[in-house]
Amino acid sequence: MLYRSSTLVRSVASLALLGGLAACRSADEWALDADRQVYELLAERRAGIATGEIEFTIQPPEDTLRQAVLAGAVGVEAPLEIDLVDCLVIGAENSRIYRNEREDLYLAALDLTLERWRYSYQEFGSLSGVLAGSGVEGESAESASFGFGLGFVKLFGIGAQVVADVGIDLARVLVTGDPWEAISSASFSITQPLLRGFGPKITLEPLTQAERNLVYAVREYERFRRAYAVDVANRYFRILSARDTLGNEQRNLERLEELRENSASLAEAGRRSEIEVDQARQDVLRANDRVIQAQQSFAAALDDFKLFLGVPISTEIDLATESGLLFAPDDPILNLSEEFAVAVALSERLDFQTTLDRLVDAERRSRVIADALRAGLDLSVDALAVSDPDELLDFDSDAAPWNLRLDLDLPINLIPERNAYRRALVTRQASERAVEEASDQIRLRLRDLRRELDSAAASLAIQEGAVQLAERRVEGADLSLQAGRSSTRDLLEAREDLVEAQNQRVRLAVDLTLAGLEYLLAIERLRILPAGIEVEREGLIAVRPDAALPTDPSESENAEFEDAEAEEQA
């Protein structure tokens with residue numbers, strides 16, 4: 001018996017030690033495990049919604065453009081040439097707002113891993129050792145004990161909670177020299193709610209809400225990426241507009257310089273008056289001032305853009321001309337009927353889908369909270385089995401004591417629960433108003449953008465005619481001046497009108513494009529791809545009386561969640 005007891009002691013102690021060492025992880029390993037679970041969840045949830053971002057990560061890139069610029073690897077000998085796609089990538093790498101959005105999405109997925117863990121088998125284990133003695137000096141120990149336990153806890157969808165564990169206790173009296181005594185025990189208990197807290201709709205509510213919160217976070221992040229891309233494009237095209245304006249002013253200055261020199265030469269020959277020469281000189285001075293102002297505006301806009309992208313301000317950059325996103329006034333995608341555009345937006349807007357889903361959340365939460373007003377009736381069963389000394393894990397099930405218990409908690413004095421339920425009803429009403437307001441805001445935004453598009457298209461068409469007219473005036477005034485039938489002032493005024501018309505045409509073309517991007521963002525038809533911003537034209541029908549309207553998302557009660565919830569509740 002002594003030999004077998006000692007062998008058991010050594011075996012149990014070895015297994016316990018090895019199990020404890022195997023279960024230990026470093027903090028970095030735990031972080032990597034969290035990343036693995038989160039990234040798997042995000043890859044699954046973002047499928048079908050996200051576009052363009054090949055791999056999601058919250059880790060900052062190792063080699064960013066900012067680091068390369070600060071290290072002197074780029075942007076030193078020659079300006080850094082970048083296009084709109086480069087700007088989107090640079091912003092995603094360096095933008096603090098972008099980083100915050102990615103981290104918020106990561107944390108939403110991390111919360112879901114915790115809720116899933118709560119409903120999984122939660123294993124636990126423990127090791128303990130005690131050495132006891134008596135006396136003031138404490139020179140000798142009188143007894144020693146060693147304990148080892150393993151078990152699990154599991155919460156099931158119907159509300160039942162199961163706890164089971166197995167433990168081994170070893171004890172020895174050292175002063176008598178007695179051998180080790182080993183006792184093992186096994187316990188099992190299950191508690192099942194029969195009234196309050198019964199059923200998967202109540203029990204799985206935290207998990208259901210966490211699953212839905214992750215979907216909301218995915219939508220919010222993708223919506224942010226699209227809005228951010230439009231913001232980048234807005235700034236990008238404004239800078240190109242400022243650069244084109246500067247180019248127009250510089251070319252105008254060159255022509256005025258030529259006119260001044262020509263007028264001075266003709267004045268020396270007696271064919272022009274000094275007044276006309278002075279008029280030409282005065283226009284050259286005004287043109288110089290306009291060039292300086294245009295240069296300052298362009299440089300300031302470029303510096304602001306570099307700050308926005310997170311690029312060092314001292315970096316010299318050169319923006320490539322971007323024509324792929326420019327819209328023509330007659331583009332069919334910008335001429336949808338109001339009813340059709342609103343229907344598309346209400347059907348596809350990610351933020352509006354979330355608003356609708358939050359209304360369903362509020363309705364479901366009110367039913368869950370109402371369950372707390374019911375009586376509590378719990379059925380519990382527990383059993384405990386203990387082995388004979390030195391007969392480890394040899395339990396006699398016939399001799400194991402057990403208990404069957406029924407607890408009734410009467411619904412008396414439920415003021416906190418009453419208030420929580422009433423608050424949930426108020427929240428549900430507020431969610432209904434939020435849906436109405438979001439719908440009205442979408443409709444209002446589309447009407448405003450429709451007016452902006454119509455105004456920009458009409459103004460651009462008018463300005464095209466104004467540029468052509470100004471060009472003919474310049475040509476006619478130049479010919480008349482050479483023939484002596486007009487004055488220098490006529491040509492100067494014609495050139496000034498021409499440059500103003502050209503600058504206005506540039507601004508209106510940019511206004512039309514940016515209004516178009518905002519319009520497509522409002523109906524959720526922009527996609528962010530590795531190649532840049534793409535317009536999804538599929539399914540968009542121009543103004544037609546027989547055009548079929550998209551399905552209202554409110555008609556379907558969150559179909560994307562139904563399968564997941566059914567699987568969880570099962």
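The dialogue below concerns a predicted model.

Q: How many helices and strands does the chain have?
A: The chain has 13 helices and 10 strands. Of its 570 residues, 40% count as buried.

Q: What share of the contacts joins residues 24 or more positions apart?
A: Counting contacts with a separation of 6 or more, 79% link residues 24 or more positions apart in the chain.

Q: Why is helix α9 described as largely enclosed by the rest of the structure?
A: Burial here means under 20% relative accessible area. In α9 (residues 338–348), 8 of the 11 residues are buried, so the helix is largely enclosed by the rest of the structure. The buried residues are Phe340, Ala341, Val342, Ala343, Val344, Ala345, Leu346 and Ser347.

Q: Which helices do the buried residues of α9 pack against?
A: Their packing partners are α10 (350–371), α11 (415–483) and α12 (488–522).

Q: In what order do the 6 strands of the open sheet stand?
A: The order is β2-β3-β4-β5-β7-β8, and the pairing is antiparallel. Strands β2 (122–133) and β8 (402–409) stand at the edges; each has a single partner strand, so one side of each lacks a neighbour in the sheet. From one strand to the next, the twist averages 15°.

Q: How many bridges join β2 to β3?
A: Two strands pair if there are at least two bridges between them. In this case, 12 bridges join β2 to β3 (residues 141–155), and the two strands run antiparallel. Phe124 stands opposite Gly151 in β3.

Terms used
Residues are numbered from 1 along each chain as its sequence is written. This is a predicted model: local features need pLDDT of at least 70, side-chain atom pairs count only at pLDDT 80 or more; totals for chains, interfaces and linings use all residues. Side-chain values use heavy atoms; hydrogens and water are left out. Helices (H or I, at least four residues) and strands (E, at least two) are DSSP runs, numbered from the N terminus. Buried means under 20% relative accessible area, exposed over 50%, partly exposed in between (1.4 Å probe, protein chains only). Contact means heavy atoms within 4.5 Å. Axes are lines fitted to C-alpha atoms, for helices over the stretch in contact, and angles run from 0 to 180 degrees between N-to-C directions.
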